[in-house]
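Hi,

Here is the structure I promised to pass on.

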Amino acid sequence: METNGNRVRVLVGTKKGAFILTSDGKRRQWDVSGPHFAGWEIYHVKGSPAAPDRIYASQSSGWFGQLIQRSDDGGKTWEPVGNQFAYDGVPGTHQWYDGTPHPWEFKRVWHLEPSLAAADTVYAGVEDAALFRSTDGGASWQELSGLRGHGSGPQWQPGAGGLGLHTIVLDPSDARRLFIAISAAGAFRSDDAGETWRAINRGLRSEYIPDPAAEVGHCVHRIAMHPSRPSVLFMQKHWDVMRTDDAGESWYEVSGNLPTDFGFVIDVHAHEPETIYVVPIKSDSEHFPPDGKLRVYRSRTGGNEWEALTNGLPQDNCYVNVLRDAMSVDSLDPCGVYFGTTGGQVYASPDGGEHWAPIVRDLPPVLSVEVQTLR
Amino acid sequence: MIRVVLPAHLRTLAKVSGELLLEVEGPPTPGGVLDALEARYPVLRGTIRDHVTLARRPYVRFFACGQDLSHDPPGVPLPEAVASGVEPFIVLGAVAGG
């Protein structure tokens with residue numbers, strides 16, 4: 001076990017603050033710090049791969065709007081940085097729930113994705129859907145407006161949770177390639193560092209839109225990539241678990257024997273690119289696990305063949321949800337898997353999903369979970 | 001000097017406690033008070049009113065002298081009791097949500 005001298009830091013965003021959970025490489029005993037930014041919604045907290053003690057947090061409130069916090073000491077202290085997210089040019093309109101044009105309005109930052117190489121560069125996915133980038137550590141933000149300027153923009157329509165850009169995946173082999181996903185527009189890819197974008201939704205089918213195979217309109221919930229194979233992506237869609245082997249040129253379904261293929265999270269094992277995890281949720285009208293059993297499903301074949309992982313997870317009367325940004329893995333061996341629930345539990349498995357235990361049980365509803373492996 | 005009361009979350013953000021005292025040039029107005037507040041505490045920009053349009057955020061309210069001034073234009077002079085420092089200008093979050 002390559003865990004000697006390693007530490008793990010779990011960054012948890014909740015509806016009422018952020019929490020930081022730390023452990024040594026054994027991942028049995030945990031220290032909990034927080035709440036940071038008590039009372040505020042913390043949609044996402046994520047550390048920089050280039051400088052792990054640099055952490056960014058999205059702090060928001062229905063009353064007082066959006067703030068971005070930055071820590072340079074691993075989350076011990078924080079300083080607010082820039083919070084002005086101005087759309088480039090005339091924002092224009094997208095579709096509202098009733099199909100009428102609705103002006104683009106900034107509401108909040110859903111997701112922060114620090115650059116893989118530069119600690120001062122970080123991307124922000126926002127609602128109403130747009131992608132922003134900062135190259136000065138969050139002090140100022142510029143929209144990569146080629147995305148919102150994609151010709152389909154006026155047809156984008158919000159999902160039930162809003163028109164959020166919630167997923168940003170950076171290609172470790174090509175700094176110019178980015179993937180993003182929007183509810184409920186779909187997935188998009190840029191091959192020129194965010195200047196121009198194309199929809200990558202071929203193969204998706206969504207029965208809740210007039211043309212189930214339309215170019216846009218798909219409610220993608222989450223996309224995950226293994227860094228060793230950046231052209232292979234796994235997607236948890238509103239319904240359906242999907243896979244692409246060609247960077248989104250075409251998708252095919254790998255839901256296989258899942259009890260339900262609705263869900264939010266999806267992630268990939270740190271050392272096994274064909275091992276993926278999802279948490280099936282009963283349906284879009286019942287946002288809780290089937291049969292009151294909280295089960296992580298693992299496929300070791302890149303999809304289609306799934307096994308339930310239940311050891312240590314509640315198997316009676318459990319009606320929590322696991323939201324789209326609330327699963328992550330560490331890079332120790334064995335790989336640790338983590339997820340948080342709307343019931344305030346953060347569960348950890350130090351052995352790839354074989355055994356689970358709660359790190360904490362009674363946090364506010366968990367919005368996001370990210371893990372840093374510190375060596 | 002104008003006395004300003006902020007809600008708890010904004011006091012935490014600005015790293016202040018209790019009432020603030022602000023120097024405001026000319027006859028004080030809500031807009032002038034907020035200009036002075038944001039100049040002294042830049043971290044509050046965007047939390048009370050929009051960065052660009054300066055429109056009050058929907059769930060923020062301005063009270064003074066037992067009156068709701070939230071819907072007054074930002075250039076309307078504040079009551080004399082606020083201008084003279086007898087009464088505070090109160091910024092607060094509306095009762096909404098949980």
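A quick word on terms before the details: I call two residues in contact, or touching, if their C-beta atoms, placed from the backbone, lie within 7 Å. Also keep in mind that this is a predicted model.

I started with the nonpolar cores. The largest one has 103 residues, and the members that touch the most others in it are A:Val10, A:Val12, A:Ile180, A:Tyr338 and A:Val346. Take A:Val10: leaving out residues up to four places away in sequence, its contacts are A:Leu21, A:Tyr338, A:Val346, A:Ile359, A:Val369 and A:Val371. Another core, of 21 residues, lies apart from that one, and its members include B:Ile2, B:Val4, B:Val33 and B:Leu37.

Next, where the chains meet. Chain A puts eleven residues into the contact and chain B puts in 13. On the chain B side, helix 1 (residues 8-14) gives the largest share, with three residues. Sorted by class, that side of chain B has six nonpolar residues, six polar ones and one charged one.

Finally, a residue I looked at on its own: A:Asp191. You'll find A:Asp191 in the loop between strand 16 (186-190) and strand 17 (198-199) of chain A. From A:Asp191 to A:Gln29 it is 162 residues along the sequence and 43 Å in space, C-alpha to C-alpha.

Cheers

Technical notes:
Residues are numbered from 1 along each chain as its sequence is written. Chains are lettered from A and ligands numbered from 1 in the order in which they are written. This is a predicted model: local features need pLDDT of at least 70, side-chain atom pairs count only at pLDDT 80 or more; totals for chains, interfaces and linings use all residues. A nonpolar core is a set of buried Ala, Val, Leu, Ile, Met, Phe, Trp, Tyr and Cys residues joined through C-beta atoms within 7 Å. A residue is buried if 20 or more other C-beta atoms lie within 10 Å of its own, exposed if 12 or fewer, and partly exposed in between; C-beta atoms are placed from the backbone. Helices (H or I, at least four residues) and strands (E, at least two) are DSSP runs, numbered from the N terminus. Ala, Val, Leu, Ile, Met, Phe, Trp, Tyr, Cys and Pro count as nonpolar, Asp, Glu, Lys and Arg as charged, and the others, Gly among them, as polar.
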